[in-house]
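Please keep the sequence and the structure in view while reading.

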Amino acid sequence: MGEESRRQLRRMFVIGVIVSALGIALALIIDWFPVAASGQAKPIDTLWDVLLIVSVPIFVLSQTFVLFAAWQFRMKPGEELKDGPPIHGNTRLEIIWTAIPAIILVGLCTYAFVVLQDIEKAEANTMEVRVVGEQFTWNFYYRDGGEEIVSPQLYLPENRPVRFTVQSKDVIHDFWVPAFRMKIDAVPGIDTHIRVTPERRGEYPVVCAELCGLGHSAMRQSAHVVTQAEFDSEMQRLRDQAAGGGEEEGGGGGGEPADGKTLFTESAQPTACSSCHTLADAGSTGTTGPNLDEVLPDLSEEQIKQSIEEPDAEITPGFQAGLMPRYGDTLSAEQVDALVQYLREVSGK
Ligand code: CUA
C-alpha cells in the first residue's frame with residue numbers, strides 16, 4: 001500500500017469517526033418514544049439505544065466508503081476505454097467482513113432474546129384482562145368472581161402485573177399502548193398474549209396498529225393507570241352499571257343517568273361520537289360518519305335511536321355499513337336515551 005493510499009485511508013477513518021459520533025449523539029438526542037409507563041418500557045428503550053449506537057457507525061462506514069470510492073475512483077476524461085486492474089478477491093478481507101457482522105448480529109440477537117425473556121416473564125399476583133377488538137372499538141373484560149365485567153376503557157392498577165389475552169371479533173386488529181411499548185395482533189379465532197406491568201399513573205392512548213378498515217384511525221381509547229383504590233371503585237362502578245342495566249330491563253330504576261353531551265364528546269366515554277361526526281353544538285368536525293348538523297333535523301326520535309343502537313339498519317347515502325359499532329350492545333338504555341335526548345335538543349326539536 002502506497003503512502004498516498006494510507007493517507008486517504010486515515011482521512012476516511014477520521015471522517016467516519018467524527019460522523020459516527022455526531023450520528024450517535026443525534027440519534028440519542030431524538031425523543032423517539034412517548035413517556036415510559038411500564039416496567040417493560042425501560043429495557044426496551046435501552047435495547048433501542050444500544051441498537052442505534054451499534055448501527056449508526058455501520059451505516060456511516062458503508063456510506064462513507066461508497067461515497068469516497070465513487071469520488072476517488074470516478075472516471076476521468078480520456079479513461080472511457082480503460083479497464084480496471086484485474087483483481088481476484090482478497091480472502092483475508094472477505095473473512096473479516098463476514099466474521100465481524102456475524103459476531104455483531106449474534107451478539108445483538110442474544111441481547112434482544114434476553115430482554116424478551118425478561119419482559120415476558122410470568123410474575124406473581126398477575127391480573128388477567130381480556131381485550132376484544134372489533135371494527136372499530138376495543139372492549140376490556142375483567143374477571144370478577146365467576147362473571148366478567150366489561151369496560152370500554154382500560155383501567156389498570158399501578159404496579160400490578162397484567163396478562164392480556166387479545167382477541168378479535170372480525171378482522172385482524174393490533175392492540176397497542178405505545179406508553180407500555182407492547183403491542184400484539186388481535187387475530188380472529190386465536191388468543192394472543194402480552195404481559196405488562198404499569199408503573200406510572202396517568203392516561204395513555206390505546207390504539208389499533210393494524211389497518212382494519214375505514215374506521216381504523218378512530219379505533220383509539222384510553223388506558224388509565226390508577227391506584228388500587230381508584231381501580232377498585234372503577235370496578236364497583238362497572239359492576240353497579242351492569243346490575244343497574246339489568247334492573248332497568250325489569251322495570252326498576254338505577255344508576256346515574258349519563259349526560260348526553262358528555263357521552264357524545266368525551267374520549268373517555270365508550271362512545272366519543274365526536275371523533276367521527278360533525279356537530280356544531282359539540283364543536284366536533286369528524287368526517288368518518290354523516291354530518292349530524294345536516295342529517296339530524298330530518299330524523300325522528302326513533303330513527304336517531306336506531307342509528308345509535310343499530311347503525312347498519314339504515315345507512316346515510318354516501319357512507320358505508322359496518323363502520324360504526326352497534327352501541328345497543330355496549331350502552332345502557334339510559335345512556336342511549338340521554339344521547340337521543342341531547343341530539344334532539346341540539347337539532348332544535
Ligand atoms: Cu382495528 Cu385498525
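The model is predicted. In it, α7 passes α8 in a right-handed crossing.

**Packing of α7 and α8**

- Helix α7 covers residues 301–309 and helix α8 covers residues 333–346; their axes lie 10 Å apart, at an angle of about 130°.
- Because of that angle, α7 counts as oblique to α8.
- From α7, the residues in contact are Glu301, Ile304, Lys305, Ile308 and Glu309.
- Their partners in α8 are Val336, Asp337, Leu339, Val340, Leu343 and Arg344.

**Packing of α2 and α3**

- Helix α2, residues 41–72, packs with α3 at an angle of about 170°, and the two axes are 10 Å apart.
- The two helices are therefore roughly antiparallel, since angles over 145 degrees are classed in this way.
- The α2 side of the contact consists of Pro43, Ile44, Thr46, Leu47, Val50, Leu51, Val54 and Ile58.
- On the α3 side, these residues meet Ile104, Leu108, Tyr111, Ala112, Val115, Asp118 and Ile119.

**Packing of α1 and α2**

- Helix α1 crosses α2 at roughly 145°, and their axes come within 8 Å.
- The crossing of α1 and α2 is right-handed.
- Residues of α1 that take part in the contact include Gly16, Gly23, Ala27 and Leu28.

- Phe13, Val14, Val17, Ile18 and Leu22 make a nonpolar surface patch of about 510 Å².
- One of these residues, Ile18, belongs to helix α1, which spans residues 3–29.

**Backbone features in two loops**

- Asn125 is located in the loop between α3 (91–119) and β1.
- The phi of Asn125 is near 60°, which is a positive value in a residue other than glycine.
- The peptide bond between Gln135 and Phe136 is cis, with omega of about 0°.
- Phe136 sits in the loop that lies between β1 (127–134) and β2 (137–144).

Conventions
Residues are numbered from 1 along each chain as its sequence is written. This is a predicted model: local features need pLDDT of at least 70, side-chain atom pairs count only at pLDDT 80 or more; totals for chains, interfaces and linings use all residues. Side-chain values use heavy atoms; hydrogens and water are left out. Patches are made of residues with over 30% relative accessible area and no salt bridge: like charges are joined within 9 Å, nonpolar side chains (Val, Leu, Ile, Met, Phe, Trp, Tyr) within 5 Å. Accessible areas come from the Shrake-Rupley method with a 1.4 Å probe; for residues, only the protein chains shown count as cover. A salt bridge is a side-chain nitrogen of Lys or Arg within 4 Å of a carboxyl oxygen of Asp or Glu. Helices (H or I, at least four residues) and strands (E, at least two) are DSSP runs, numbered from the N terminus. Axes are lines fitted to C-alpha atoms, for helices over the stretch in contact, and angles run from 0 to 180 degrees between N-to-C directions. Angles under 35 degrees count as roughly parallel, over 145 as roughly antiparallel, 65 to 115 as roughly perpendicular and the rest as oblique. A crossing is left-handed if the near helix is turned anticlockwise from the far one by less than a right angle, and right-handed if clockwise. Contact means heavy atoms within 4.5 Å.
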